[in-house]
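Please examine the chain shown here together with its ligand.

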Amino acid sequence: MRLKADANIVILTGAGVSAESGIDTFRDSGGLWEQHRVEDVATPEAFARDPELVLRFYDMRRAAIQTCEPNAAHHALARLQRAWAGQVTLVTQNVDDLHDRAAATAGVEDARVIHMHGEHLNAWCTACDTRSRWRATLIERPACPACGEAALRPDIVWFGEIPYRMDEIIAAVESADLFVSIGTSGAVYPAAGLVRMAGEAGAQTLELNLEPSQGSHWFDEARHGPATRLVAQWVE
Ligand code: BJW
């Protein structure tokens, strides 16, 4: 794929990009949704019904991601962000911080990582609406550092909630020359609809995934294999 020098690039990533760092995906065999019922842990109704179960689930995953490291795919994308400074918008559905860490390691100044489904390492206070960096557990119902209320929840977009920064994401996709989707099953909207939006706006579209995703047919080109290999090959 040839790109003009002033091209805008939008990258959409999903759980597959972090799989080789040891973070479970959702819908693969052995993935998180085989071990936990979505409606028990990833909806606002579940949190209202059984907050301890939900907080334990997210406390466990927050602890796990802190033992993981960015892999070759995250590092390759960080090199792309550095080489095309200011022209890459990296939209991730992932709630880990591996893109952010890879970008920091590569010295990317304007990383433009949009976490559309939230971040494990943030807590959101439902009393005063502030977000704070949070590495510890939430199950003991700690006080919000800003207002002192015990009203913190994971800063995660659950089913039925509106993903973050949609206006920015849509604007970036509509002005993209190239849209690349990496490591996502294409099962969850609105993220899964972005490829069609990009194609209709005139972008070239490329899928890099272990296997054909649910929306594979919407892409101009699809390459299948592990992200660590495919992304590194594509970026070089
Ligand atoms: C590899 C690999 C390797 C493995 N290398 N690849 C129709 C239209 C619009 C909306 C809806 C609709 N029908 C229903 C809805 C609502 C719902 C939805 O989409 N449901 C579907 C199940 C149908 N969506 C919502 O509720 C969203 N909100 C919403 O729609 O608000 C209204 C709105 C509309 C329009 C505009 C704006 C707003 C909110 C969705 C929130 C998703 N939350 C979760 C959980 C929270 C995070 C957490 O707990 O960690 O986010 S669900 C889960 O799925 C997580 C992920 O970010 C998300 C996507 O999963 P992902 O990343 O694709 O992972 P997998 O496991 O599915 O796939 C991994 C892929 O990697 C596979 O293909 C593998 O092959 C591949 N892979 N190893 C490369 N080594």
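The sections below go from the basis of the model to its details.

## Basis of the description

This is a predicted model, in which local features need pLDDT of at least 70 and side-chain atom pairs count only at pLDDT 80 or more, while totals for chains, interfaces and linings use all residues. Residues are numbered from 1 along each chain as its sequence is written.

## Domains and their contact

The domain assignment, whose bounds come from an automatic or database source, gives domain 1 as 1–23 + 70–117 + 163–236 and domain 2 as 24–67 + 120–156. The C-alpha centres of domain 1 and domain 2 lie 25 Å apart.

Ten residues of domain 1 are in contact with eight residues of domain 2, where contact requires that the C-beta atoms of two residues, placed from the backbone, lie within 7 Å. On the side of domain 1 that touches domain 2, the residues divide into five nonpolar, three polar and two charged. In this division Ala, Val, Leu, Ile, Met, Phe, Trp, Tyr, Cys and Pro count as nonpolar, Asp, Glu, Lys and Arg as charged, and the others, Gly among them, as polar.

An open sheet of six strands has the order 3-2-1-7-8-9, with parallel pairing. Helices (H or I, at least four residues) and strands (E, at least two) are DSSP runs numbered from the N terminus, and two strands pair if DSSP finds at least two bridges between them. Strand 3 (113–115) and strand 9 (221–224) stand at the edges with a single partner strand each, so one side of each is left without a neighbour in the sheet. Neighbouring strands of this sheet are turned by 15 degrees against each other on average, direction ignored; axes are lines fitted to C-alpha atoms, for helices over the stretch in contact, and angles run from 0 to 180 degrees between N-to-C directions.

Within this sheet, strand 1 (residues 9–13) and strand 7 (residues 178–182) run parallel and are joined by five bridges. Ile-11 has Val-180 as its bridge partner in strand 7.

A second open sheet consists of three strands in the order 5-4-6, with antiparallel pairing. Its edge strands are strand 5 (131–133) and strand 6 (152–156), each of which pairs on one side only. In this sheet, neighbouring strands are turned by 45 degrees against each other on average, direction ignored.

Strand 4 (residues 118–125) pairs with strand 6 in the antiparallel sense over five bridges; the partner of Gly-118 in strand 6 is Ile-156, and that of Ala-123 is Pro-154. Strand 4 and strand 5 also run antiparallel and are joined by three bridges, with Arg-133 of strand 5 as the bridge partner of Asn-122. Helix 5 (residues 51–65) lies across strand 4 and strand 6, running at about 135 degrees to strand 4.

## The annotated cysteines and the hairpin

An unreviewed UniProt entry places the feature "binding site" at Cys-125, Cys-128, Cys-144 and Cys-147; UniProt positions are given in the numbering used here, feature names are shortened, and annotations may be inferred rather than shown by experiment. These positions are spread over 23 residues of sequence but cluster in space, with a largest C-alpha distance of 8.6 Å.

Cys-128 is found in the loop between strand 4 and strand 5, and Asp-129 lies in that loop as well. The hairpin of these strands has five residues between them, and Asp-129 takes a positive phi near 65 degrees there.

## The ligand shell and a cis peptide bond

Of the 36 residues around the ligand, Gly-14, Gly-16, Gln-93, Ser-185 and Tyr-189 come nearest, a residue being near a molecule or strand if its C-beta atom, placed from the backbone, lies within 6 Å of it. The shell divides into 19 nonpolar, twelve polar and five charged residues, and draws at least three residues from each of domain 1 and domain 2.

The peptide bond from Tyr-189 to Pro-190 is cis, with omega near 5 degrees. Pro-190 is found in the loop between strand 7 and helix 9 (194–200). Most peptide bonds are trans.
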